[in-house]
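Student: Can we go through this one together? I'd like to start with the surface and then work along the contacts.

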Amino acid sequence: MPRKSQIPKTCTVLHGNNLEGETFFVTFLFKSPLEKDTVFLDKEDARREYVLNDVGKIFVGTQKEPRGRRWIYGQFADSVLPAAMLMLNHSKLDYTGRASPILVSRAVSKLVNSENDDKGIVVGNWSGMYDDGMAPWMWTGSAAIMDEYFKNGGEQSVKYGQCWVFAGVATTGTHHD
C-alpha cells in the first residue's frame, strides 16, 4: 500500500463487526513516534493539549464578540472511532487517499457538515426552527452526536449544528491516541 504516513511498529489495530455482523476490518490511525512522519508531534506537552485533552473550549458568537464555551470532545468514547469510520466510508476515499492525512482531513471537513443527503454527521441549521432535532446550542460535546450517528449506521445525519458544533465534531473525529 503506498502511503505518505508510515505505519509505526506500535500502532493502534482494531477489529470488530460491521453493520452486517461480518468481522473483517483493521484500522491504522495516523499516529507515529517517527520523526519523519507527516503527523509526528514532537512536543509531549503539545501532544497532551492537542490530542489527549478530552475537554476544551469552543468559540461561538461573532467575529467582533466571540465567547468561549466548554466543549467535551469525547474522542475516547466507544462510538467515536466507528462513527468516524462510517463517515470516512461515505467519503469514497480509496486506500491511497486514506493514507494521506491531507485528503482525510478534507473528507472529514466536508462530511462533518451534512449537505444534500451526503450522509455527513450533522445537519446545519441557522433558521431557529429545531423542533425535529436538537437546537445547536444544546450540545455540550461531540460524543453524543457521534453516538447518534453511529447508532443509525451513518444513514441519517444528526439534527442540528452550527459552525462550532462542526468544529467540535471534526476535532473529535480526528483526535485519537
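**Patch, rings and bridges**

Tutor: Let's start with a nonpolar surface patch: Met134, Trp137 and Met138 make it up, with about 320 Å² of accessible area together. Patch members have over 30% relative accessible area and no salt bridge, with like charges joined within 9 Å and nonpolar side chains (Val, Leu, Ile, Met, Phe, Trp, Tyr) within 5 Å. Areas come from the Shrake-Rupley method with a 1.4 Å probe, and for residues only the protein chains shown count as cover. This is a predicted model, where local features need pLDDT of at least 70 and side-chain atom pairs pLDDT 80 or more, while totals for chains, interfaces and linings use all residues. Residues are numbered from 1 along each chain as its sequence is written, and side-chain values use heavy atoms, leaving out hydrogens and water.

Student: Is Tyr130 buried or exposed?

Tutor: Buried means under 20% relative accessible area, exposed over 50%, and partly exposed in between. Tyr130 has 9% relative accessibility. So the label for Tyr130 is buried.

Student: What kind of ring pair do Tyr130 and Trp137 make?

Tutor: Rings of Phe, Tyr and Trp (its six-membered ring) pair if their centres lie within 6.5 Å; planes under 30 degrees apart are stacked, over 60 edge-to-face, the rest tilted. By this rule the count comes to 3 aromatic pairs. For Tyr130 and Trp137 the centres are 5.3 Å apart and the planes at 85°, so the pair is edge-to-face.

Student: And which kind do Tyr130 and Tyr160 make?

Tutor: Tyr130 sits in the loop between β4 and α5 and Tyr160 in strand β5 (residues 158-161), so their pair ties together parts 30 residues apart in sequence. Helices (H or I, at least four residues) and strands (E, at least two) are DSSP runs, numbered from the N terminus. The ring centres are 5.9 Å apart with planes at 55°, so the pair is tilted.

Student: What is the N to O distance in the salt bridge of Lys119 and Glu155?

Tutor: A salt bridge needs a side-chain nitrogen of Lys or Arg within 4 Å of a carboxyl oxygen of Asp or Glu. Lys119 lies in the loop between β3 (113-114) and β4, and Glu155 in the loop between α5 and β5, 36 residues apart. Their N to O distance is 2.9 Å.

Student: Which residue forms a salt bridge with Lys159?

Tutor: Lys159, in strand β5, pairs with a residue in the loop between β4 and α5, 27 residues apart. The closest N and O atoms are 3.1 Å apart, and the partner is Asp132.

Notes: Buried < 20%, exposed > 50% of the residue type's maximum accessible area, 1.4 Å probe, protein only.
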